[in-house]
Amino acid sequence: MLICSLLLVGAGCVPTAVEVPPTESTLPPSPTTEKWHLVWSDEFDAPDGSIPDPEKWNYTIGGSGFGNGELQYYTDDPQQAYIENGMLVIQADQKTVMGRDYVSARLNTMIKGTWKYGRFEIRAKLPDTQGIWPAFWLLPMYINYGNWPASGEVDIMELIGKEPGRVYGTLHYGNPHKSQSAYYDLHDGRKFSDDFHVFSLEWEPEQFRWYVDGTLYLTADQWFTSAPGKAFPAPFDQPFYLIINLAVGGHWPGSPDSSSTFPQFLFVDYVRIYQEQP
């Protein structure tokens, strides 16, 4: 996503304008992580073929398009989300399930893990084909300030297959919908499917910061709520939960085409969440 006005329900959006990101030479240095203390993690170290830890993860089931025109059906079938080689693997297949032409998985920590402020760190290798759409993102546990987007959404990382060397971070809020966003590009033709990268978000009471491999590429410190009588830093002053999903198609990435290949894989090495000690 970009620093622009966006149209979206759930993870992702249709960019309407591009803000050129700063070069690495002008970016501020990554802050120290010494103040952050681990409060929750999943290292995905279960035996091969295991399902994601049911004490930590829930499944989203369905194929409604999720407001984005997505094409997949999300299932809890262990063929779509499983542990292999110490990693979470989410697999998207071109296979008809419940009237949808693609099948994949979407995991979330609702109720089982919610956090107000902290550092969210995910090491992952992303898929690469036209129409694919992986995302790591946060939604509020409760809609204290109204329906989406009034209660907020934080996209830690999104990639669309036609831009394999670029990831986006975005903050959504307000009614009417407002957002702040930017992207991070790899150099020299590299793609996020070539290797693992660390995607991080630092969320403090009055600021968000987005990083790739420790490089800061977006800071947000001004937003608002449309809820009567509420003030900054609402709506981002309440617990949020984490979502990891692999979507196929949609208004933003577009549909798979003749160049697309399946299956596609999202590999997650770990998820680590830190908070400051009181």
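Which side chain meets that of Arg-119 in a salt bridge? It is the side chain of Glu-202, at 2.6 Å from N to O. Arg-119 is in strand β9 and Glu-202 is in strand β14, residues 197-204, so this pair ties together parts that lie 83 residues apart in sequence.

Before I go on, a word on what you are looking at. This is a predicted model. The average pLDDT over the chain is 90, and 88% of the residues score at least 70. Residues 1-31 are another matter: there the pLDDT is below 50, although the stretch has 91 contacts in the model beyond near neighbours in sequence. Where pLDDT is low, the predicted coordinates should not be read in detail.

Are its two partners buried or exposed? Arg-119 has a relative accessibility of 7%, so it counts as buried. Glu-202 comes out at 0%, so it is buried as well.

Now look at a second pair, Glu-204 and Arg-209, whose side chains meet in a salt bridge at 2.8 Å, N to O. Glu-204 is at 17% relative accessibility, which counts as buried because the cut-off is 20%. Arg-209 is buried too, at 9%. Through salt bridges that share partners, Lys-35, Arg-119, Glu-121, Glu-202, Glu-204 and Arg-209 are joined into one network.

Arg-119 has one further neighbour to point out. Its charged end sits over the ring of Tyr-211, 5.9 Å from the ring centre. Elsewhere, Arg-166 lies over the face of Tyr-183, at 3.7 Å from the centre of that ring.

Next, the aromatic residues. The structure holds 24 aromatic pairs. A pair of aromatic rings is described by the distance of the centres and the angle of the planes. Take Trp-115 and Phe-120: their centres are 6.0 Å apart with 80° between the planes, an edge-to-face pair. Trp-115 is buried at 6% relative accessibility, and Phe-120 is buried at 1%.

How are the rings of Phe-120 and Trp-203 arranged? Their planes are at 25° and their centres 6.4 Å apart, so this pair is stacked. Phe-120 is in strand β9 and Trp-203 in strand β14, so here again the parts tied together are 83 residues apart in sequence. Trp-203 is buried, as Phe-120 is.

Strand β9, residues 118-125, pairs with β18 in the antiparallel sense over seven bridges. Within that pairing, Glu-121 has Arg-272 as its bridge partner. Strand β5, residues 87-92, also runs antiparallel to β18, with five bridges, and Val-89 stands opposite Phe-267. Strand β1, residues 36-42, is antiparallel to β18, residues 264-276, over six bridges; there His-37 is partnered with Gln-275.

Arg-272 belongs to β18 and Glu-43 to the loop between β1 and β2, so the pair ties together parts 229 residues apart in sequence. Arg-272 is partly exposed at 23%, and Glu-43 is partly exposed at 30%. In total, the structure holds nine salt bridges.

That is what I have for today.

Key: Residues are numbered from 1 along each chain as its sequence is written. Side-chain values use heavy atoms; hydrogens and water are left out. Two strands pair if DSSP finds at least two bridges between them. Helices (H or I, at least four residues) and strands (E, at least two) are DSSP runs, numbered from the N terminus. A salt bridge is a side-chain nitrogen of Lys or Arg within 4 Å of a carboxyl oxygen of Asp or Glu. Buried means under 20% relative accessible area, exposed over 50%, partly exposed in between (1.4 Å probe, protein chains only). pLDDT is the predictor's confidence in each residue, from 0 to 100. Contact means heavy atoms within 4.5 Å. Rings of Phe, Tyr and Trp (its six-membered ring) pair if their centres lie within 6.5 Å; planes under 30 degrees apart count as stacked, over 60 as edge-to-face and the rest as tilted. A charge sits over a ring if NZ of Lys or CZ of Arg is within 6 Å of the ring centre and within 35 degrees of the ring normal.
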